[in-house]
Amino acid sequence: MIASSIYKLIGNALSPAGRRARLSILIYHRVLADTDPLFPNEPTAASFDRQMALLKSVFTVLPLHEVGVHLQAGTLPARAACITFDDGYADNLTLATPILKKHGLHATFFIATAYLNGGRMFNDTVIEAIRRSPLRTLNLDELGLGKFDISGNEAKARAIGQILPQVKYLPLGAREQAAARIAELTQCGPLPDDLMMTTGQLQALHAAGMEIGGHTARHPILAKLDADAARTEIAAGKTFLEQTLNTPIRLFAYPNGKPGTDYRPEQAAIVRELGFDAAVSTQWGSATQSSDPFQLPRFTPWSSKPARFVPMLLGNLRR
Ligand SMILES: [Zn+2]
């Protein structure tokens, strides 16, 4: 209690109500049932519950679709924050939503629609294949990636960290093929097909009062696509969501989200033309009255230590 009142005072100085307000937009991907030995900092239901309690004790959490107007008009409350999730993992509904509801919090979920109903993103194919591999060494010479020690969890995490960035920027088709070939070479056996939501789960998430946003269909690096292909990907995701949920889709998150690397002003212009109201990136920082509504920054404390959660959010208000 004492800590939260001190944090509020600091927050009031860094993010006062009105024209000098700074908006914190948190970004999550998954909430896991138990700690993942490969990604020990990924939130679990227990740590996410704690984070939401801490967030609520210091920040005023608002729906992202409501804050845009206030941010521009200079009428945001002090210490305003929004919660977002990217990609469309099933655990967003099964584990995160009950916790959000328990705390009375609203979140926005950005969905890559092509992977709903049994699909798997390329990164999860690589991660889950290496997790399950019985091998001690993974030879990816034929893909030009080299050899990797995968003899234990630490080695597996390191190998994943080295492989994913090299596969991520391949053209869409080549990226899928590379991930599938890596899975074969790991001798991992069957991979999970229930990581992402089904359409029914997506509808349940929306019916629970949560906002759904666009995140393209196949999660491409938009900066690597020509204008037509980028428009097709962004529009396909939006149309699918609007038809599935029977509601306008107003918010968008750029896949991977780094300005200049993953998207450029040309793609931001397409997002605007397609009728979205606002878009979020993965650039760290907090949004101000002068921020481009189609390039709102986001941030989530990366430390899993509960004592670091609010201080890191306050530190982000200086960015
Ligand atoms: Zn994403």
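How many C-beta neighbours does Gln203 have inside 10 Å, and does that count make the residue buried, exposed or partly exposed? Gln203 has 16 C-beta neighbours inside 10 Å and therefore counts as partly exposed, since the partly exposed class lies between the limit of 12 or fewer for exposed residues and that of 20 or more for buried ones. This description, like everything that follows, refers to a predicted model.

**Gln203 and the helix that holds it**

Gln203 is found in helix 8, which covers residues 199-207. Once the neighbours within four places in sequence are left aside, Gln203 is in contact with Thr244 and Leu245, and both of these residue numbers fall within helix 9 (residues 227-245). Leu314 stands 111 residues from Gln203 in sequence, and the two C-alpha atoms are 34 Å apart in space.

Helix 8 also packs with helix 4 (residues 91-102), at an angle of about 25 degrees and with the axes 9 Å apart. Helix 4 and helix 8 are therefore roughly parallel to each other, the angle being under the limit of 35 degrees for that class. On the side of helix 4 the contact is made by Asn92, Leu93 and Thr97, and on the side of helix 8 by Gln201, Ala204 and Leu205. Sorted by class, this contact between helix 4 and helix 8 has three nonpolar and three polar residues, with no charged residues.

**Helix 9 against helix 10**

Two packed helices are described by the angle between their axes and the distance between the axes. For helix 9 and helix 10 (residues 265-273), the angle is about 45 degrees and the axes are 10 Å apart. These two helices are therefore oblique to each other, and the crossing of helix 9 and helix 10 is right-handed. From helix 9, the residues Ala227, Ala230, Arg231 and Ile234 meet Glu266, Gln267, Ile270 and Val271 of helix 10. The contact of helix 9 with helix 10 has, by class, five nonpolar residues, one polar residue and two charged residues.

| Helix pair | Angle between axes | Distance between axes |
|---|---|---|
| Helix 4 and helix 8 | about 25 degrees | 9 Å |
| Helix 9 and helix 10 | about 45 degrees | 10 Å |

Most residues other than glycine have a negative phi. Thr216 counts as buried because it has 25 C-beta neighbours inside 10 Å, while His219 is buried with 24 other C-beta atoms within 10 Å.

The domain assignment of the protein chain gives domain 1 as 2-117 + 194-316 and domain 2 as 122-186. The centres of domain 1 and domain 2, taken over C-alpha atoms, are separated by 28 Å. Eight residues from domain 1 and nine residues from domain 2 take part in the contact. On the side of domain 1 that touches domain 2, six residues are nonpolar, none is polar and two are charged.

Helix 5 spans residues 122-132 and is mostly covered, with eight of its 11 residues buried. The buried residues of helix 5 are Phe122, Asp124, Thr125, Val126, Ile127, Ala129, Ile130 and Arg131, and they pack against strand 5 (137-140), helix 6 (153-168) and helix 7 (172-186).

Gly144 lies in the loop between strand 5 and strand 6 (146-149) and is exposed, because 8 other C-beta atoms lie within 10 Å. Between the C-alpha atoms of Gly144 and Tyr169, which are 25 residues apart along the chain, the separation is 14 Å.

Gly11, by contrast, lies in helix 1 (residues 2-14) and counts as buried, with 24 C-beta neighbours inside 10 Å. Apart from neighbours within four places in sequence, Gly11 is in contact with Val58, Ala78, Arg79 and Leu314. From Gly11 to Asp141 the C-alpha to C-alpha distance is 51 Å, for a separation of 130 residues in sequence.

Conventions: Residues are numbered from 1 along each chain as its sequence is written. This is a predicted model: local features need pLDDT of at least 70, side-chain atom pairs count only at pLDDT 80 or more; totals for chains, interfaces and linings use all residues. Axes are lines fitted to C-alpha atoms, for helices over the stretch in contact, and angles run from 0 to 180 degrees between N-to-C directions. Helices (H or I, at least four residues) and strands (E, at least two) are DSSP runs, numbered from the N terminus. Angles under 35 degrees count as roughly parallel, over 145 as roughly antiparallel, 65 to 115 as roughly perpendicular and the rest as oblique. A crossing is left-handed if the near helix is turned anticlockwise from the far one by less than a right angle, and right-handed if clockwise. Two residues are in contact if their C-beta atoms, placed from the backbone, lie within 7 Å. Ala, Val, Leu, Ile, Met, Phe, Trp, Tyr, Cys and Pro count as nonpolar, Asp, Glu, Lys and Arg as charged, and the others, Gly among them, as polar. Domain bounds come from an automatic or database domain assignment.
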